[in-house]
Amino acid sequence: MFYQMQVLKGLLRPETSLYQLQKAERVTGIGLKLILLYLFSFIIFAASTYFGIGTESYSGTITDRTIEEFEAGKLLLLGGRLVSSLFYTSLFIWFAAFIFWLSLDVFYLKAVAVQIIVFAVHLVENSITSLVFVLFDLNHASNPFSFGVISQYFIRNEFWNHFFSAITLFHIVAITILYYYLKNLTKRNRFVTLTVILLFYLFTWLYTALMAYVEVPILFRRWLG
Amino acid sequence: MKKWKIISLTAVSLSFIAINGYLIGKNDSEVQHTVYVEDWTRVKEKNVVETFHTDGVIMPQEEYDIYFHDSEKEFQRFLVKEGDKVTAGTPLFEFTTPELDHLRETVELEKQQAEGEIAGIDEYLSTLLDYQASISSSTLTTESESDSASESEFDETALEVGLRINENASSDMIISTIEQEMYKQELEKSKLEEEVRKYDSQLNSINEQTSSAMMVSETDGIVKEVNKKLGNPVITIASNVLAIKGQLTENQYKKSETGMPLTAIAAGKKLEGTLGKINDYPVNELAIGEENHYQFEATMTEQPEALAIGTKAAVSVVTAEAIGVPTVREEAIHHVKTPYAYRLNENGQITKQSVKTGLSFDGIQEIKEGIEIREVMMLSPDHVPQNKAYFVTEMKPNNIKKSAFEEITSHEKWESFLIGLIEK
């Protein structure tokens with residue numbers, strides 16, 4: 001039996017997809033879907049950087065650069081962001097699948113197929129939140145789909161605010177879908193599965209918070225001067 | 001999943017988003033904002049020049065009318081045609097002065113007559129002098145010597161008759177009579193001499209009027225009009241000095257003052273000048289509901305060469321100017337009464353800055369206080385949700401230049417790249 005990789009079906013008809021995935025001996029059609037996901041990720045990253053999302057720490061240079069120098073710097077920033085879109089996609093699909101294969105003993109390509117479905121959720125999230133950010137003058141820390149807004153009212157610490165802002169409704173949806181698939185694909189018990197998934201996401205949130213907290217220009221100044 | 005589960009989860013999610021929305025949007029919200037700046041501008045040192053534009057025409061600055069009074073003169077012929085160039089001294093027309101000529105002849109005759117009379121008196125006086133001498137000598141010398149005077153015997157008798165001198169009169173008496181006569185004659189002579197002088201001055205003045213039987217031009221210029229019917233002015237000369245003449249609207253009139261600098265473009269040439277005359281009385285008849293226009297005249301600092309009279313000129317009058325002042329695009333300034341601007345600072349934040357504005361023209365605003373040259377101001381959006389909000393800017397691909405990459409150091413390049421790569 002083959003499992004034909006179908007992202008939308010995997011999201012909208014999870015029962016059927018799961019059944020086919022359980023029975024499948026081989027998974028096909030991953031390549032094309034992967035290329036498309038890389039492409040969408042690339043486009044979404046490019047578009048959000050075009051509007052300036054996440055470039056706060058670069059903005060200050062506007063005062064002592066000419067517009068040409070400022071834009072040249074932004075172009076390099078876009079370059080960095082596009083490279084990071086490749087990392088992000090790769091890590092989320094290949095590395096996460098590797099973890100689940102390692103810890104839950106799921107057939108690797110099946111884990112990859114699940115991650116492709118879940119990654120689509122994250123892409124939808126990215127495009128929606130980017131739009132909301134630009135329209136309502138917000139940033140990642142104040143993502144209205146996250147817990148960051150509420151945490152800003154209670155916590156002064158910026159790192160933890162970034163951490164809570166990394167936890168979004170879309171992530172909960174993604175976790176639910178991931179849990180639904182993996183618990184049925186692994187022979188391990190549900191608790192272990194859920195723990196592995198949550199640990200993976202916890203690591204993601206911490207990493208995201210750290211990356212949002214870090215300001216490259218400040219690090220540069222510390223290291224170099 | 002069951003339906004009620006989906007509905008309740010959706011409801012929970014939506015209320016969660018709504019709460020977040022409320023917390024973000026409520027007044028004095030503590031939630032960080034990042035403003036997506038679409039457009040910005042830098043404070044630059046510039047000149048703000050307030051001008052208005054109007055149309056004008058190149059015209060001779062002045063016209064000289066030449067009049068001909070035919071009461072004393074008789075017109076002969078014109079020496080110039082319309083369109084001729086004349087300089088000061090160029091003869092314009094010829095005329096004769098028959099009456100004055102006649103008068104001169106009369107005066108000359110009278111003068112000659114008076115001069116003849118003076119000559120007669122002179123002769124008479126010398127005779128009297130001789131006679132006086134002969135008398136005084138005859139009394140002192142011997143009778144025999146009186147023969148020497150016998151030649152003038154006839155004259156003496158004639159004189160004696162003329163002077164009504166008694167033959168028996170003593171020589172002293174005769175002498176005093178002669179002296180009296182001489183005084184009388186000298187008085188007469190001086191009267192006549194006075195008359196001659198009068199005639200001379202009369203002749204002078206007549207000559208002055210008739211000597212130039214040609215009328216000459218007093219200025220340089222071009223003959224604008226020659227009135228062949230000899231109605232006055234017979235000739236109109238337009239001066240070589242050109243000026244711009246045109247009309248001002250009521251608004252422009254209010255702003256205008258004589259002496260304001262202006263520039264004009266006529267036939268592709270740029271001219272500079274000043275507002276010379278402004279006529280305070282409107283051009284047309286005053287009427288309610290119609291805009292009035294006022295005539296103005298502008299003098300040019302340098303006379304343009306080879307510019308035809310009647311050339312249209314686009315005039316821009318400088319009504320106010322501020323030179324070398326900090327300026328910013330007008331859109332950067334909000335609120336007219338208490339103006340302020342949004343400054344983009346080096347920490348990546350937006351600060352609200354109240355400013356004092358000066359002159360504003362053509363989208364450029366002079367800043368007197370509040371912000372300085374080189375500072376960056378936000379143009380759009382025109383509203384910021386909170387003070388010290390972060391800002392990011394939209395990319396401007398049109399401003400990317402290859403040369404700019406050479407301007408920034410490799411350290412700066414890596415910094416930019418790493419911000420993109422690492423930061424979220």
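Tutor: Let's start with a word we'll need: two residues are in contact, or touch, when they have heavy atoms within 4.5 Å. The model is predicted, so to speak of a local feature we need pLDDT of at least 70, and side-chain atom pairs count only at pLDDT 80 or more, while totals for chains, interfaces and linings use all residues; side-chain values use heavy atoms, leaving out hydrogens and water. Residues are numbered from 1 along each chain as its sequence is written, with chains lettered from A and ligands numbered from 1 in the order in which they are written.

Our spot is Gly148(A). You'll find Gly148(A) in helix H7 (residues 148-154) of chain A. Helices here are DSSP runs of H or I with at least four residues, strands are runs of E with at least two, and both are numbered from the N terminus. Leaving out residues up to four places away in sequence, Gly148(A) touches Ala141(A), Asn161(A), Phe164(A) and Ser165(A). Trp160(A) sits 12 residues along the chain from Gly148(A), and their C-alpha atoms are 8.6 Å apart. Is Gly148(A) buried or exposed? With a relative accessible area of 0%, Gly148(A) is buried. The cut-offs are under 20% relative accessible area for buried, over 50% for exposed, and partly exposed in between, using a 1.4 Å probe and protein chains only.

Now for the wider picture in chain A. A nonpolar core is a set of buried Ala, Val, Leu, Ile, Met, Phe, Trp, Tyr and Cys residues joined through side-chain atoms within 4.5 Å. The largest one has 47 residues, and Phe100(A), Ile116(A) and Tyr201(A) touch the most other members. Helices that each supply at least two residues of this core include H5 (67-104), H8 (158-166) and H10 (190-213) of chain A. The biggest giver to this core is H6(A), with 11 residues. Beyond four places in sequence, the contacts of Phe100(A) include Leu178(A), Leu182(A) and Phe200(A). There's also a second, separate core of 20 residues, with Ile62(A), Leu77(A), Leu344(B) and Ile350(B) among them.

Chain B and chain A bury about 5600 Å² between them, and 64% of that is on carbon and sulfur atoms. Tyr36(B), Met395(B) and Lys424(B) supply 16% of the area that chain B buries against chain A, more than any other three residues. The contact involves 65 residues from chain A and 54 residues from chain B.

Some pairs there carry charge. A salt bridge puts a side-chain nitrogen of Lys or Arg within 4 Å of a carboxyl oxygen of Asp or Glu. The rule finds three across this interface, and in one salt bridge Glu412(B) meets Arg65(A) through their side chains, at 3.7 Å from N to O. On the chain B side, elements that each supply at least two residues touching chain A include helix H1 (3-25), strand S1 (34-37) and helix H7 (410-422). H7(B) gives the most to that side, with 12 residues.

Methods. Buried area = accessible area lost by both parts, 1.4 Å probe.
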